[in-house]
Amino acid sequence: MTWSHTDNDWPTHGLSFGADYNPEQWDKEVWKEDVRLMKQAGVNLVSLGIFSWGLVEVADGEFDWDWMDEIVGLLADSGIAIDLATPTAAPPGWLLAAHPEIYPVDHDMQPHWPGARLGWCPSSPVFRAYALRIARALAERYGHRDHVVMWHVSNELGGGNGRCYCDTSAAAFRRWLQGEYETLDALNEAWGTAFWGHTYRDFAHIIPPRGNDSKNPSLVLDFDRFSSDELLAHYLAEREVLKSVTPELPVTTNFMVGAEPDVVDYPRWAPHMDIVANDHYTRSSDPLPEQDVAFSGDRMRAMTTQRRPWLLMEHSTSAVNWQPRNRAKAPGELIRNSLSHVGHGSDGVLFFQWRASRAGAEQFHSAMVPHAGEDTQLYRDVCTLGRHLRRLAPVMGSRTSQARVGILFDDEAGWAMTKGVKPNNHLAYGRLVRDWHHAFWRLNESIEVLPPWSDFTGYEVLVVPGLFLTDDDTATRVSAFAEAGGTVVVSFLSGIVDEHDRVRLGGYPGAFRDLLGAWCEEFRPLQEGETFTLDNGWSGAEWTELVRAGDAEVIARYSGGHLSGRPAITSRSLEGGGRAVYVSAGLDSDALLALTRSLVRPTGVANVPSGVEVLVRRNDEETFTFFVNHAGDDAVVTARGREMLTDEPVGGALHIPAGEVRVVRSGAVS
Ligand code: GLA
């Protein structure tokens, strides 16, 4: 079988299905069994070699390729494509022993001792040189094999070395700051260093935010930005080497896009990926794992240009091993989650990992082949999923359609809001955003969770939740969106500081005060257990404010308590038909649902039974509608076309069994 790939295009061999494959953990007899089971399950892509640096480069500059030649050959003979990894997430013991200066160092100046992963400082020139050498060696040896179809740079960059505080990093940070600010005067002004008399007289006096005490938040924010840029620079250096040998092969690295601010700024990394790839794991403690899948999918949809497909590089078949109590997936959840990711735009489904490890730190993590082997429900589900994905092959390359609701999410805003001392230190940025997402998700609205510098064209509603840090450009474009007829909803703790983390004066939320008409004199965060009620019956907790309605209309006022009669939610109508709503209080989920319902026009999807999520992908000729039934009861929806998993015509009523997914393919898009 030949795999084709053209300039920066994803290899066209159907939706990808497979896993991280770590054959180095097993005897060669097991490899043959692996290939038999992969073919049986329909696996067509594996990520190989992610952690095998020390097994290939056995000593400095000394390579043992035999085992890798053999497995690369075996996979080629079996028609299984390879997403070949540069193994730089796991530096070999000989390198760490010879160069302990590459260990990353935490904020307490404790080195990250060998024994885990990503044990290297992103700014270390020594590490970079060794990393690029192994990347080149791999590219030259395997990059031109037909079935090596893409590059997987390192693994989850930043997961272990996201912030390094060592002296090498400190020097790199100073260089980065000089590049950003040019002069110390500019830096002192931006950071407000006159506070505590911290004015810098020399760049050499600046050190990263080491220690545990409260540092200048502007310094901390710039260190976060620098750290993201340093890791991106590492990715780009590896990418350049790979492209110099195999310019035609797509290059990516696996993101960890989830519900909280990311360890690095992924939306700013995404343009450097030939295909954007994500690892997503639900949490046992999450009461709504299915919404978490949707949330990450809605972030991923906005991570590509023009809604191109992305790739789910890792998720789990069942339990993970790194949470306090690792929940096994419920019957049907593996397939339902997988197809939900596809509905959100992933052109495949990959897992960590192919075969459950016998030893090592992840020996109790689920896999496509569990410890119990082939005769298990889990492996049978894997095979069923493989069949589904083969039937869904025509979906490949189609794009998700324009969402009606855009929700702004920004890593920098999240870092700024959650670090340092704040009026309510128990508010999690990700949860604020996810609460809004939850409300629109319950309404079955199409949603994209997008960075603030995106083009807002095409949305009907733009939500700005807790966008603590807002630059002038974002404020201007959000206002322009409302002036052009859109509905903007701004929640509390948005637009509070500028891009340097300095408070915008004159009343909160400074960046949006003119747009909203209303403004806040003083924050009134609530104590744990305290709640509030509004005069329309809505309630909430955690956050209130002393708000002045200005020229906005009051939608709801406090009822009782010392804010009684004061505005909590306001709305200002704009001449072009748009409006700007300010939600200054921490509404609970029922109130948020009622509010969001009043903000969107009803659509046909509103008639879909509750618990059925509808996701749409399109190409030039066809529409693929995914119906994901999260409910415990069977559901019936109205649809026309051909159901792809059962290959049955649908001429009206479509039955979706409880917990299952159906995908309807229909003709030319009107
Ligand atoms: C991450 C890593 C994998 C593995 C899984 C376990 O996604 O990339 O190597 O450790 O977590 O869930």
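This tour goes through the domains, the cysteines and a set of salt bridges in a predicted model.

Residues are numbered from 1 along each chain as its sequence is written, and side-chain values use heavy atoms, with hydrogens and water left out. Because the model is predicted, local features need pLDDT of at least 70 and side-chain atom pairs count only at pLDDT 80 or more, while totals for chains, interfaces and linings use all residues.

**Domains**

Start by colouring the domains, whose bounds come from an automatic or database domain assignment. Domain 1 covers 16-162 + 229-397, domain 2 covers 405-599 and domain 3 covers 612-667. Select domain 2 and domain 3: their C-alpha centres are 35 Å apart.

**Cysteines**

Next, select Cys121 and Cys166. The closest cysteine sulfur to that of Cys121 belongs to Cys166, at 3.8 Å, which is too far for a bond; a disulfide is a pair of cysteine sulfur atoms within 2.5 Å. Over the whole structure, the search finds zero disulfides. Cys121 is buried at a relative accessible area of 1% (buried is under 20% relative accessible area, exposed over 50%, partly exposed in between, with a 1.4 Å probe and protein chains only). Move to Cys520, which is also buried, at 1% relative accessibility.

**Salt bridges**

A salt bridge here is a side-chain nitrogen of Lys or Arg within 4 Å of a carboxyl oxygen of Asp or Glu. The whole structure has 46 of them.

Select Arg117 and Glu362, whose side chains form a salt bridge with an N to O distance of 3.7 Å. Arg117 is in the loop between helix 4 (93-98) and helix 5 (125-142), and Glu362 is in the loop between strand 11 (346-351) and helix 12 (377-391), so this pair ties together parts 245 residues apart in sequence. Helices (H or I, at least four residues) and strands (E, at least two) are DSSP runs, numbered from the N terminus. Both residues are partly exposed, Arg117 at 34% relative accessibility and Glu362 at 21%.

Then go to Asp292 and Arg434, joined by a salt bridge of 3.4 Å, N to O. Asp292 sits in helix 10 (residues 289-301) and Arg434 in helix 14 (residues 429-442), so the pair links distant parts of the chain, 142 residues apart. Asp292 and Arg434 are buried.

Asp473 is partly exposed at 44%, as is Arg477 at 22%.

Finish with Asp222, Arg225, Asp265, Arg268, Asp410 and Glu412, which salt bridges with shared partners join into one network.
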